[in-house]
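My notes follow the structure.

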Amino acid sequence: MLDMDELIDSPETRVIVCCGSGGVGKTTTAAALALRAAERGRQTVVLTIDPARRLAQALGLRELGNHPKQVTVEGFEPKGELWAMMLDMRRTFDDMVRVHAGPERAEQLLANPFYQTISTSFSGTQEYMAMEKLGQLAATGEWDLIIVDTPPSRSALDFLDAPTRLSSALDGRMIRLLTGPAKAGGWGLRKVVSAGFSMFAKAVSTIIGGQLLADASAFVQAFDTMFGGFRERSRKTAELLRSKGTAFLVVAAPEPDALREASYFVERLSSESMPLAGLVANRTHPVLAPLSGTEALAAADALDRGGRSAPLASAVLRLHADRVAVADREKRLLARFTRAHPEVPVVGVPALPADVHDLAGLRDIGTRLAGDTE
């Protein structure tokens with residue numbers, strides 16, 4: 001059993017990363033943990049990626065920004081502090097450029113159409129910028145606990161793979177192709193084009209238009225000097241993710257695809273020596289009455305056969321039988337995960353009847369995450 005309060009209370013825990021495939025409730029889980037940690041005395045900041053509007057409002061993020069904002073809601077008086085922010089991918093990339101390039105070179109990059117495309121469209125940009133923002137938050141030392149909601153994606157592994165893909169792309173064959181003509185001048189440009197570069201240009205120009213070569217060459221000249229800093233920041237954040245003070249929480253729905261994805265992610269974390277705290281089985285459907293599905297169906301059939309006018313009772317019994325069937329299926333799926341990964345602690349969080357839209361709802365989720373349902 002995962003002891004969530006022990007995890008968030010420990011002063012050694014400095015970063016918690018909520019990860020998993022898209023649509024499993026990572027954002028709500030991250031926000032609920034941050035709220036509980038703040039109420040238990042931690043100076044906490046939660047980095048959200050794409051909160052639902054009502055959840056954002058619950059966190060006081062009516063004006064979503066790229067910098068943390070303290071949650072100050074009437075009646076909310078935590079022992080610690082709760083800060084929240086929503087990642088703005090483009091602004092984070094822009095801020096990074098300003099840090100690593102001089103003022104003049106930064107303005108050249110920010111105005112470049114090629115940069116404006118890759119800063120929002122390259123595969124892995126959002127994941128990289130989430131890690132960049134995590135590194136920025138950790139560097140300030142203003143909070144003793146940072147909770148990160150990872151970007152929504154088809155695969156949980158995208159969070160670990162995408163920053164490498166982005167870095168490789170910007171340091172790879174495409175950039176070398178563009179650097180050649182940029183450094184060689186007009187003759188080199190004509191030579192590359194005559195050697196078949198026009199096919200490459202045609203493919204990419206469908207995205208960024210006819211000024212591809214000029215814009216890309218200018219981008220490379222401006223970007224080349226700051227790429228070392230780009231890689232260095234990525235390396236430091238990767239070290240932070242492997243450090244003793246970081247804990248990964250894998251969030252999954254009790255469904256075959258989500259648990260299969262969670263299993264892949266657990267194996268990947270283990271292979272890369274990244275600290276895994278446990279699995280959150282989100283939106284489970286536990287049975288609330290000591291009555292088997294078979295008994296419930298038999299009772300419903302007896303009511304219907306007896307000619308008694310109790311349609312509501314019969315319907316409730318049949319709903320209970322359906323719930324038992326769902327709960328049994330979820331137990332089998334989770335048991336399969338546990339057999340494959342017996343070392344991974346698991347905590348189940350029952351599904352709520354409605355979306356979480358206020359601090360009371362987040363507090364309820366936090367209570368369930370801690371296993372404190374009394």
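**Pocket lining**

I found that α2 gives the most to the lining of the largest pocket, with four residues. I took helices (H or I, at least four residues) and strands (E, at least two) as DSSP runs, numbered from the N terminus. The model is predicted, with local features needing pLDDT of at least 70 and side-chain atom pairs pLDDT 80 or more, while totals for chains, interfaces and linings use all residues. Residues are numbered from 1 along each chain as its sequence is written, and side-chain values use heavy atoms, without hydrogens and water.

I noted 31 lining residues for the largest pocket, with Gly25, Thr27, Thr28, Arg283 and Asp355 nearest its centre. Elements giving two or more residues to this lining are α2 (26-39), α3 (53-58), β7 (276-284), β8 (346-350) and α15 (359-369). A pocket is an open set of points on a 1 Å grid over the protein atoms alone, where a 1.4 Å probe fits, with protein on both sides within 12 Å along at least five of seven lines; lining residues have an atom within 4 Å of a point.

**Helix packing**

I looked up helix α4 (residues 89-100) and helix α6 (residues 113-121), which pack at about 125° with axes 9 Å apart. Axes are lines fitted to C-alpha atoms over the stretch in contact, and angles run from 0 to 180 degrees between N-to-C directions. The contact (heavy atoms within 4.5 Å) involves Met89, Arg90, Phe93, Asp94 and Val97 of α4, and Tyr115, Gln116, Ile118, Ser119 and Thr120 of α6.
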